Amino acid sequence: DILDLVREQLEPILRERRQRIILQGVETTPLFHGDREYLVEIFTQLLENAVKFTPDGGGICIMAQIADRASISEKEASLCRFNQHFYEQMGCKCYLQVEVRDSGIGIDPDEHLKIFDKFYEIGDIRHHSTGRYKFLGKGTGLGLAIVKGMVEAHGGTVWVESPATGITAGSGSSFFLLLPLEE
């Protein structure tokens with residue numbers, strides 16, 4: 001419901017930018033109990049960023065699946081980089097893992113941790129354009145800091161994976177969320 005709501009709100013921009021959002025595995029995941037307003041804000045921020053940093057005509061994919069400790073253990077190094085204590089405190093819970101993947105310009109690995117800091121903006125400011133949804137549009141640098149805080153308030157964690165950067169790279173970025181499921 002939340003993803004449909006956010007996608008509906010972004011529909012005029014998606015149409016204008018000739019972008020599409022594809023959902024995979026979302027309908028087969030169990031219901032997640034959390035703060036609805038926070039979850040709407042989390043996915044709004046992530047999808048607005050995906051729209052902004054994906055060229056016109058690009059795609060955004062949202063995938064969801066259940067993740068247990070065994071499957072999460074493959075990501076231990078990444079998790080520890082982004083949230084030092086999450087992995088050791090996660091216990092044996094199952095998590096809802098959501099990936100928001102875009103076909104955009106990517107994020108330089110040196111900036112992966114910094115983008116979750118307050119007021120941090122990626123890249124040279126001279127290469128940003130104005131406009132909330134315009135390609136490379138400039139924001140306040142608060143969106144991902146808000147996402148991180150809200151995900152962690154749910155007992156989860158967030159991280160990014162992006163192999164390359166550059167307008168011609170097209171490798172995109174994947175933002176991952178782990179949100180704890182009830183027993």
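Predicted model: local features only at pLDDT ≥ 70, side-chain atom pairs only at ≥ 80, totals over all residues.
When neighbours within four places in sequence are set aside, the residues in contact with K75 are W159, E161 and F176.

A further spatial relation involves Y87. K75 and Y87 are separated by 12 residues in sequence, and their C-alpha atoms are 9.3 Å apart.

## Overall organisation

The protein contains 6 helices and 5 strands. Read from the N terminus, these elements follow the order α-β-α-β-α-α-α-β-α-β-β. Of its 183 residues, 46% count as buried.

## Glutamate 99 in strand β3

E99 lies in strand β3, which spans residues 95–102. The residue is buried, because its relative accessible area of 12% falls under the 20% cut-off. Two polar contacts involve its side chain. One is with the side chain of S174, at 2.6 Å, and the other is with the side chain of R101, at 3.1 Å.

Residues up to four places away in sequence aside, E99 touches C61, I62, M63, S174, F175 and F176. C61, one of these partners, is itself buried, with a relative accessible area of 12%.

## Cysteines and disulfides

How many disulfides does the model contain? The count comes to 0, where a pair of cysteine sulfur atoms would have to lie within 2.5 Å. A disulfide is a covalent bond between the sulfur atoms of two cysteines.

C61 is buried at 12% relative accessibility, whereas C94 is partly exposed at 35%.

## The loop between β1 and α2

T28 and T29 both lie in the loop between β1 and α2. Are these threonines buried or exposed? T28 is exposed, with a relative accessibility of 63%, while T29 is buried at 18%.

Each threonine side chain lies close to a backbone oxygen. The side chain of T28 reaches the backbone oxygen of G25 at 3.0 Å. For T29, a polar atom of the side chain lies 2.8 Å from the backbone oxygen of V26.

T28 and A64 are 36 residues apart in sequence, with a C-alpha to C-alpha distance of 8.4 Å. T29 is in contact with A64, Q65 and L96, leaving aside neighbours within four places in sequence.

## Packing of helices α2 and α6

Two packed helices are described by the angle between their axes and the distance between the axes. The axes of α2 (residues 36–52) and α6 (residues 143–153) come within 9 Å and cross at roughly 145 degrees. The crossing of α2 past α6 is left-handed.

On the α2 side, the residues that meet α6 are Y38, E41, I42, Q45, L46 and N49. Their counterparts in α6 are G143, L144, I146, V147, M150, V151 and A153. An α-helix has 3.6 residues a turn, so residues three or four places apart point the same way.

The buried residues in α6 are G143, L144, A145, V147, M150 and V151. These buried positions pack against α2 and also against strands β4 (157–161) and β5 (174–180).

## Backbone positions with positive phi

Most residues other than glycine have a negative phi, and most peptide bonds are trans. R18 is a residue other than glycine with a positive phi, near 55 degrees. Its place is in the loop between α1 (2–17) and β1. R18 counts as exposed, because its relative accessibility of 55% is over the 50% cut-off.

G155 follows α6 and also has a positive phi, near 85 degrees.

Methods: Residues numbered from 1 in each chain as written. Heavy atoms only, no water. Buried < 20%, exposed > 50% of the residue type's maximum accessible area, 1.4 Å probe, protein only. Helix = DSSP H or I, 4+ residues; strand = E, 2+ residues; numbered from the N terminus. Polar contact = N/O pair within 3.5 Å; in protein donor to acceptor, adjacent residues only side chain to side chain. Contact = heavy atoms within 4.5 Å. Axes fitted to C-alpha atoms, helices over the stretch in contact; angles between N-to-C directions. Left-handed = near helix turned anticlockwise from the far one by under 90°.
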